[in-house]
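Welcome, and please keep your viewer open beside this text. We will go from one selection to the next and see what turns up.

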Amino acid sequence: HKGLFNREVSEFMIDRIEDVTTHNPNFMSLSLKYGTLEVHTAGEKTFVAHDIPNVKEMKDIIIKIKMNEKSTNR
């Protein structure tokens, strides 16, 4: 959300993912396992989600889905 009446919704295809990055802005976020998740896609924009709980596990899930997608398309 970018305000009460201003919202942006974007989607990306799993096969377009090139990189997934996590950031923990401070020690508290690291100890409580939340942070920022960035998904970089081929030829598109970077998708950023802030204050994601269990951010490392979310990154691992996205990468696992990407790898499964890649192996089924061979």
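**Stop one: Phe47**

Select Phe47 and show what surrounds it: beyond its neighbours within four places in sequence, Phe47 is in contact with Ser10, Glu11, Phe12, Leu37, Glu38, Val39 and Thr41. Bear in mind as you look that this is a predicted model.

In soluble globular proteins, nonpolar side chains tend to be buried together.

**Stop three: the pocket**

The largest pocket holds about 290 Å³ of space. Which residues line it? Select Glu8, Ser10, Phe12, Leu37, Val39, Lys45, Thr46, Phe47, Val48, Ala49 and His50 to see the lining. Strand β3 provides its largest share, five residues, and β2 also supplies at least two.

**Stop four: Ser31**

Finally, move to helix α1 (residues 27-31), where Ser31 is found. Is Ser31 buried, partly exposed or exposed? With a relative accessible area of 43%, Ser31 is partly exposed. Show its side chain, which reaches the backbone oxygen of Met28 at 3.0 Å. To end, draw a C-alpha to C-alpha distance from Ser31 to Pro53: the two are 22 residues apart in sequence and 11 Å apart in space.

Methods. Residues are numbered from 1 along each chain as its sequence is written. This is a predicted model: local features need pLDDT of at least 70, side-chain atom pairs count only at pLDDT 80 or more; totals for chains, interfaces and linings use all residues. Side-chain values use heavy atoms; hydrogens and water are left out. Helices (H or I, at least four residues) and strands (E, at least two) are DSSP runs, numbered from the N terminus. Buried means under 20% relative accessible area, exposed over 50%, partly exposed in between (1.4 Å probe, protein chains only). A polar contact is a pair of N or O atoms within 3.5 Å; within protein, one must be able to donate a hydrogen and the other to accept it, and residues adjacent in sequence count only if both atoms are side-chain atoms. Contact means heavy atoms within 4.5 Å. On a 1 Å grid over the protein atoms alone, a cavity is a set of points where a 1.4 Å probe fits but cannot get out, and a pocket is an open set with protein on both sides within 12 Å along at least five of seven lines; lining residues have an atom within 4 Å of a point. Grid points are joined across faces, edges and corners, and a volume is the space filled by probe spheres set on the points.
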